Amino acid sequence: MTGVSGDPGATITIDGKQIPPPDPKFGGVIREKATESKPWWAPRVVPPKGAPNVLLIMTDDQGFGAPSTFGGVIPTPSMDRIAKAGLRFTNFHSTSLCSPTRAALITGRNHHSVGFGVVGEIATGFPGYDSIIPIEKGTIGTILKANGYDTSWFGKDHNTPSYQSSQAGPFEQWPNGMGFDYFYGFVGGDASQWQPNLFRNTTAIYPFEGNPKWNLETAMADDAIQHIKQLKEVAPDKPFFVYYVPGATHAPHHPTPEWIKKISEMHLFDDGWNKVRETIFANQKRLGIMPDNAKLTPWPKDLPQWDSLSFDEKKLFIKQADVYGAFLAYADHEIGRVIQAVEDLGELDNTLIIYIGGDNGASSEGMINGTPNEFTTFNGVAVPVKDQFLWYPFWGSERTFPHFAAPWAWAMDTPFKWVKQVPSHFGGTAQGVVMSWPGHINDAGGIRRQFHHVIDIVPTILEATRIPQPETINGIKQSPVEGVSMAYTWDKANGNAATRHATQYFEMLGNRAIYKDGWVAATTPATIPWELSTKTPPDVITGYNWELYNVNEDPTQFNDLASQLPDKLKQLQDAFYAEARKYNVLPLDNSSLSRWNTPRPSLTAGRTVFNYSGELTGVPASAAPSILNKSYTITAEVDVPEGGAEGMIVTEGGRFGGYGLFLSKGDFGVGHGRVVFLYNLLDLKRTMWEGPELESGKHTIVFEFKADGPGLGKGGTGVLSVDGKIVAKNSLEHTTPITFPEDETFDIGRDTRTGVALLEYRYDSPFKFTGKIDKLTVKLEPFTPEQIAEAAAQRQ
């Protein structure tokens with residue numbers, strides 16, 4: 001305790017075993033009269049003396065070999081700055097996929113231990129896969145907050161279950177419920193940087209409306225800087241924990257035009273992915289990122305060599321890489337602004353900075369040729385190169401949701417094999433990490449090769465702050481943190497010390513591996529991550545070959561020793577299954593896209609009729625009526641004022657896929673108030689049903705769609721009626737099979753992000769409906785299990 005017990009200015013450092021700590025016993029005197037009594041105030045809880053601020057940064061889908069700090073060709077001066085002031089860790093690993101890594105990062109436990117065996121969008125009803133962080137596994141935010149820290153989260157939240165992400169909550173699994181005082185960011189796997197599904201705490205905000213140059217990368221840096229500045233001016237002695245996790249470089253690659261120009265003019269990627277990979281590896285050897293004995297793993301036969309491409313293919317792929325490179329450089333620049341703000345406040349010397357380059361390997365989810373719209377991939381649709389040139393002039397702008405070609409991902413993971421989604425090889429899991437803390441990390445510019453994992457960050461922070469892991473949180477006994485602190489590596493004398501993280505399993509989508517005492521046993525991926533499909537995968541146990549590597553001597557997993565050392569391989573396989581049983585990895589499941597529509601707890605489960613009135617916006621897909629793969633009817637009862645009306649009646653999705661029922665804006669008074677239903681198939685094809693202009697008064701608009709049959713993406717026939725009269729009939733050859741864009745929402749009475757129309761009937765969001773919606777009814781007609789089974793039998 002500091003100060004005098006009971007005085008308003010007294011503070012106390014708690015033992016941290018029980019959080020929140022019990023209220024202290026009143027230490028004053030109470031008599032009948034206040035004048036004869038003595039007041040007493042509970043001391044304010046503060047961290048241990050000298051506890052540092054913590055700035056924990058992690059980018060997204062970056063790739064080990066992308067940043068200049070780890071040999072890449074893309075300039076990352078902010079990451080370089082931290083590396084020069086502190087340490088570079090070259091043997092640090094993630095889980096190979098986004099939300100699992102993030103759950104492990106904030107809890108210090110393995111991803112299956114905290115319900116994130118896969119990304120939340122494909123959660124299933126098993127303890128290791130349900131996307132719920134258990135209450136007995138509290139987060140670093142909860143721990144630091146209870147010990148007197150200001151805690152804040154900026155950027156990507158991929159750890160709120162999709163089925164709990166609506167206005168109805170519950171909010172325990174939102175950042176504010178996981179120990180963070182303040183949240184500014186988006187919820188889900190990805191988001192447009194131009195029009196994101198953005199929240200301040202749990203309230204949706206739309207700062208981009210009417211502001212076409214707004215970009216989330218800059219906006220979140222601005223918000224973080226203001227938050228830190230405000231804290232240090234109001235409470236200068238209160239340390240902060242800032243969790244700063246931008247959407248870069250996950251698709252969509254959305255840098256500003258200035259950064260695209262800057263990187264394009266550097267011609268970093270003009271020689272193609274094979275030459276870039278060789279350049280990165282040479283840089284890694286020169287910088288000491290890779291030891292002299294490291295070998296560059298071979299280029300896979302499933303990906304094309306650069307010299308085999310046509311002129312148009314090369315032109316497109318260079319543009320894709322330039323925009324990706326610009327996105328990374330832009331994000332690193334904005335991270336640098338936050339770091340500079342910490343220095344400008346005089347706090348740099350008292351701040352532990354941990355900067356993790358990506359939450360998994362670089363992503364191949366653009367498929368072989370890349371895509372102008374990532375949601376084509378998630379719906380199993382490849383976009384030919386010639387068609388992509390329609391988007392070439394504005395690649396990276398708000399008109400695209402782009403991703404680069406899969407070979408670029410392999411190159412960005414140099415020198416390793418494989419990419420994001422693949423936990424069995426370091427191309428999916430290796431992340432470059434830098435750390436600095438002046439006066440505590442005393443080997444400026446040093447390199448550390450000890451094996452470590454993302455679960456080691458929480459114990460590192462706890463050791464630095466001298467705050468123990470609590471025994472209970474809110475009365476719930478806590479399970480032990482599963483990582484080990486990395487702080488032993490900070491002393492120069494321990495630069496070559498043996499790793500303290502001796503064993504670590506890996507598993508994702510059925511691929512699996514185990515690291516143990518310098519050896520890795522790993523399955524050969526049986527499905528290709530750039531060929532996402534709903535095809536039946538091989539048997540999850542017998543359908544995989546195993547490889548074996550001595551990574552102490554072979555750090556890139558170049559030389560497979562499985563055939564030479566079968567006993568060693570068997571020993572490690574047995575160790576994997578022992579870890580799997582320990583950490584909720586079982587049952588193994590290697591399905592992927594087919595899991596997207598798995599039934600989950602939902603506010604819409606079992607409902608087929610949905611009634612609304614007036615305006616309602618920002619409803620995520622998990623809480624909205626899903627029209628995918630079924631018949632449905634939308635009925636809108638509207639009241640049109642004198643002079644007519646315009647605006648969105650109901651929509652889900654936007655520019656990159658979805659539907660909308662609206663009254664048209666018109667041009668120069670012509671076509672105003674016309675009834676339109678528009679179906680946007682992944683920004684590849686738009687189909688419209690057009691009705692009459694509505695006069696003032698009450699009207700009933702009905703759109704009825706009859707699907708051709710059960711199955712993913714089946715076509716069907718739609719009929720638009722106004723006041724009981726059919727006004728349009730049209731057919732769809734295909735519909736969206738898996739998902740509308742996940743950063744869009746279900747909106748009634750306005751369109752909160754991007755519009756579904758492109759040229760014809762184009763409008764600007766929010767396109768508020770200027771009439772009155774008396775009632776809106778969505779009626780779903782899903783196919784019965786018997787109909788689905790019959791259709792499956794016919795296909796066979």
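Start by selecting I627, L628, N629, K630, Y632, Y679, F705, A707, K714, T735 and T736, which line the second largest cavity. A cavity here is a set of points, on a 1 Å grid over the protein atoms alone, where a 1.4 Å probe fits but cannot get out, and lining residues have an atom within 4 Å of a point. This lining divides into six nonpolar, three polar and two charged residues. In that count, Ala, Val, Leu, Ile, Met, Phe, Trp, Tyr, Cys and Pro are nonpolar, Asp, Glu, Lys and Arg are charged, and the others, Gly among them, are polar. The volume of the second largest cavity is about 70 Å³, a volume being the space filled by probe spheres set on the points, with grid points joined across faces, edges and corners.

Before moving on, a word about the model. It is predicted: local features need pLDDT of at least 70, side-chain atom pairs count only at pLDDT 80 or more, and totals for chains, interfaces and linings use all residues. Residues are numbered from 1 along each chain as its sequence is written, and side-chain values use heavy atoms, leaving out hydrogens and water.

**Next stop: the largest cavity**

How many cavities of 30 Å³ or more does a search of the whole structure find? There are two. For the largest, select V119, E365, F378, Q421 and W596, which lie nearest its centre among 18 lining residues. The largest cavity has a volume of about 260 Å³, and its lining has nine nonpolar, five polar and four charged residues.

**Then an open space**

Now select Q195, E398, R399, R655 and R762: of the 29 residues lining the second largest pocket, these lie nearest its centre. A pocket is an open set of points with protein on both sides within 12 Å along at least five of seven lines. This one holds about 760 Å³ of space, and its lining has twelve nonpolar, seven polar and ten charged residues.

**Two crossing helices**

Select residues 257–264 for helix α5 and 311–344 for helix α7; their axes come within 8 Å and cross at roughly 115 degrees. Helices are DSSP runs (H or I, at least four residues), as are strands (E, at least two), numbered from the N terminus. Axes are lines fitted to C-alpha atoms, for helices over the stretch in contact, and angles run from 0 to 180 degrees between N-to-C directions. Show the side chains, and W259, I260, I263 and S264 in α5 meet D322, V323, G325, A326, A329, Y330 and H333 in α7, where contact means heavy atoms within 4.5 Å. These contact residues divide into seven nonpolar, three polar and one charged.

**Some backbone details**

Step back to the loop between β10 (240–245) and α5, where you will find T249. The peptide bond from A248 to T249 is cis, with omega near 5 degrees. Another cis bond joins I19 and P20, with omega about -10 degrees; P20 sits in the loop between β2 (18–19) and β3 (44–45). Finish at S131, in the loop between α2 (98–107) and α3 (140–146). Its phi is near 65 degrees, a positive value in a residue other than glycine.
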